[in-house]
Each structure stands twice: as C-alpha cells, then as structure tokens.
Amino acid sequence: MTMTTSGIERLNALPQRPYLPGPSPLQRMERLSESLDGPDLLVKRDDTLPLAMGGNKVRKLAYVVADALAHGADTLITAGALQSNHCLLTLAAANREGLACRLVLEERIPGTYDPQAGGNNFLYRLLGAERIDVVGRGDTAGGLRRAAAAARSEGRTPYVIPVGGSNPLGGCGYASCAVELLAQLVEMGLTADRIVCASGSGGTHAGLVAGLIAAGSDVEVTGVNVSRPRAEQESSVTALTEAILAFLEIDAALAPDRIACRDEWLGPGYSLPSADMLNAVATVARTQGIVLDPVYTGKAMAGLIGMIRGGELTAGQTVIFLHTGGTAALFASQGMFTAALG
Ligand SMILES: Cc1ncc(COP(=O)(O)O)c(C=O)c1O
C-alpha cells in the first residue's frame, strides 16, 4: 500500500528557521465591534512576531532564509519601497543568522529618498544594512540583478529574495498561518465567516487561501488592495495561489471566485494617505490600544470598517482581521495624521 502525503504534511515538513515562538495571539476586538455595531471582530496579531518590529515577513522569511542557508548563502539581497517592512525584516533575519544584507530601494517618486529619514529607513541604518542601492521606478528587478552580480564579483554567495518575500516558498508562511488560525478558532469554539488582510505583493493573501484549501476550509478571504486595481491584483494573487498549491502538490482547482480583492480603499495610491486610512488607524488605536500602519493595515482596516458600514459584514458574523505589522512606517508619517487626531 502506498501512503500519500497531504499538502499539510508537506507544509509541516518544509525546513524552517525558528523565528516563530508559537501561534501569534488571536484576540477579540470587543470595543471596535461595539462601536461599529458590527460582527464579532478578532485580530490575528502577526504584528507581535519576534523579529525587529514584527509583521507578516517573519513567517515568510522563516522558510525563505532556511532555503538561503541550504544554498550556502552568505549575503541576503532583497528589494522594496523606500519604507519597506520587508527590507527591514530581511535585514533583521540576516543579522540573526550572521549573514550580510544588501537592499535595493525603489524611489518611485524622483527625489524622495532621504538617507536621514525616520521609520524603517532609520532602522536600516540601526541594524546595519551592508549596502543600499536606490533605483528608479520600475527598475527593481534590474537593481536586484546588479546587486547580485556585484556580490558574486566580490566572491560572495548571494541569495535574492523577491519583493515582499512573495514567491511560493514565502507564501507557505501564510499557508501555515491559515492552519494555525483554524486551530485557534476550533479552540475558541468559533467559526470564521471572513478573513480580511492587506493585499500587496500578494504572498500573504495567496498563502492564506492556499492554506485554507489545504485544510479543507471554505472561509472567505478578502484582500484589501494597497497598490493595484482590483482585476490586476486578483489575477496576480490567483497566479500566486496556484503556484503555492502546485508547490505543495495540492491537487485542488482554485474556484474563480475564491480570490477576492477590493480596491475601494486604495486611496490615491500606494503609501499615499486617505481620510479612511487615517480614521481607521486612529479608531483602532483609540478603541483597542492597537497600533496599525499607514500603508497596509490602515488601509485594510479602512476596508473592514467600510464593509461593515456598507452592510456587507454584519452583527452575528465572525470576522478575523490579520494585523500584518508595519508600524515602524508610522514614525515616518506623523505629519499626515495631524487633521485625523484633532
Ligand atoms: C505591514 C505589511 N502588511 C501587509 C503587507 C502585504 O503583504 P503581501 O506583500 O504579502 O501582500 C506588507 C507587505 O510589504 C506589509 O509590509
């Protein structure tokens, strides 16, 4: 008799660095639920994961850095926006492993890079990024290629991590998170109707859906877009979900409506403030004592509040908000909050 290995077993067998202390907390947000007269709201606190300032990259990097070490890497190279949480977390993981770390930062608006800026930029310096290359809009892939070639020419063994850590291996971090979350819900005697998360490079969103499929759960996931219009994001998250399912050898068709992305709370664009985001960050801080970020979780929370106010999510339902971290960026964005704080 041949034994078949399930997707969950394959996920559990993936080599992983020990960055996770155990499940991240799943907490009720009673005061926010009450203030909105809405569903039972819970928050999955991935902002509390223990590397640098925490956040979703910890789960992705636990797998990706294990792979880098298996390839004999001595230098991690990755890319992101000027205030990239992913760059910070990659640097933190490199420090923990005794590896060098080089960053490629995309200056989307010419002249906006300020080496003395606060937030994550300050932390790049504090944690000691070995080298920072600033590239123009759309030149991230080229910047990564050049940085890897330069490292090789110096005799290094570089390992390039894509933007957001969002390849199939990184996405497995959120497949595991979905399995972890389902177990917590069972323990609490709850069934979730919806999970709401920010959807950027898509690894978090895609990983969650792949993990739910692997576990046989049909909980809906709504990704709130932070950078792209709906159709574009849905097709990119669909492709990544399919790639994660294939990577885990899960033979399940992805239903066309399984990937839902929303762009109503994108505001003027990536990292640009909207009134809904500013109000959402202030509301959650003032009702729950939880600090969100202005680029990702603030917009995702604006989406969650918008879906409740619009009647799409209602009392009697159970909704999980995934807090993916990113709070360091707040300290480079204080000015935008002046009006919202009154
Ligand atoms: C704080 C935070 N939340 C959410 C996201 C979005 O996650 P993903 O890129 O996996 O879509 C990011 C990505 O950088 C992030 O830094």
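The model is a predicted one, so local features need pLDDT of at least 70 and side-chain atom pairs count only at pLDDT 80 or more, while totals for chains, interfaces and linings use all residues. Residues are numbered from 1 along each chain as its sequence is written, and side-chain values use heavy atoms, with hydrogens and water left out.

Aspartate 67 sits in helix H3 (helices are DSSP runs of H or I with at least four residues, strands are runs of E with at least two, and both are numbered from the N terminus). Setting aside neighbours within four places in sequence, aspartate 67 touches Tyr159 and Leu169 (contact means heavy atoms within 4.5 Å). Leucine 14 is 53 residues away from aspartate 67 in sequence, yet the C-alpha atoms of the two are 9.5 Å apart.

Helix H3 (57-70) turns up again around the ligand: along with S7 and H8, it gives two or more residues to the shell. That shell holds 16 residues, the closest being Lys57, Lys60, Ser201, Thr204 and Thr324 (a residue is near a molecule if one of its heavy atoms lies within 4 Å). As for polar contacts (pairs of N or O atoms within 3.5 Å), a polar side-chain atom of asparagine 56 is 3.0 Å from a ligand oxygen. Glycine 203 brings a polar backbone atom to 3.3 Å from an oxygen of the ligand, and tyrosine 296 has a side-chain N or O atom 3.3 Å from a ligand oxygen. On its own the ligand has 390 Å² of accessible area, and the protein covers 97% of that (Shrake-Rupley method, 1.4 Å probe).

Next comes helix H9. Its 18 residues (230-247) should span 26 Å at 1.5 Å a residue, and the end C-alpha atoms are 25 Å apart, which agrees (the expected span is 1.5 Å times one less than the number of residues). Gln233, Glu234, Val237, Leu240, Thr241, Ile244 and Leu245 are the buried residues of H9. They cover an arc of only 140° around the axis, so they lie on the same side of H9 (the arc is taken from the directions from the helix axis to the C-beta atoms). Ala231 and Ala246, on the other side of H9, are exposed. The buried residues of H9 pack against helices H7 (168-188) and H8 (203-214) and strands S7 (194-199), S8 (220-225) and S9 (260-262). After H9 comes glutamate 249, with a positive phi near 55°.

Technical notes. Buried < 20%, exposed > 50% of the residue type's maximum accessible area, 1.4 Å probe, protein only. Polar contact = N/O pair within 3.5 Å; in protein donor to acceptor, adjacent residues only side chain to side chain.
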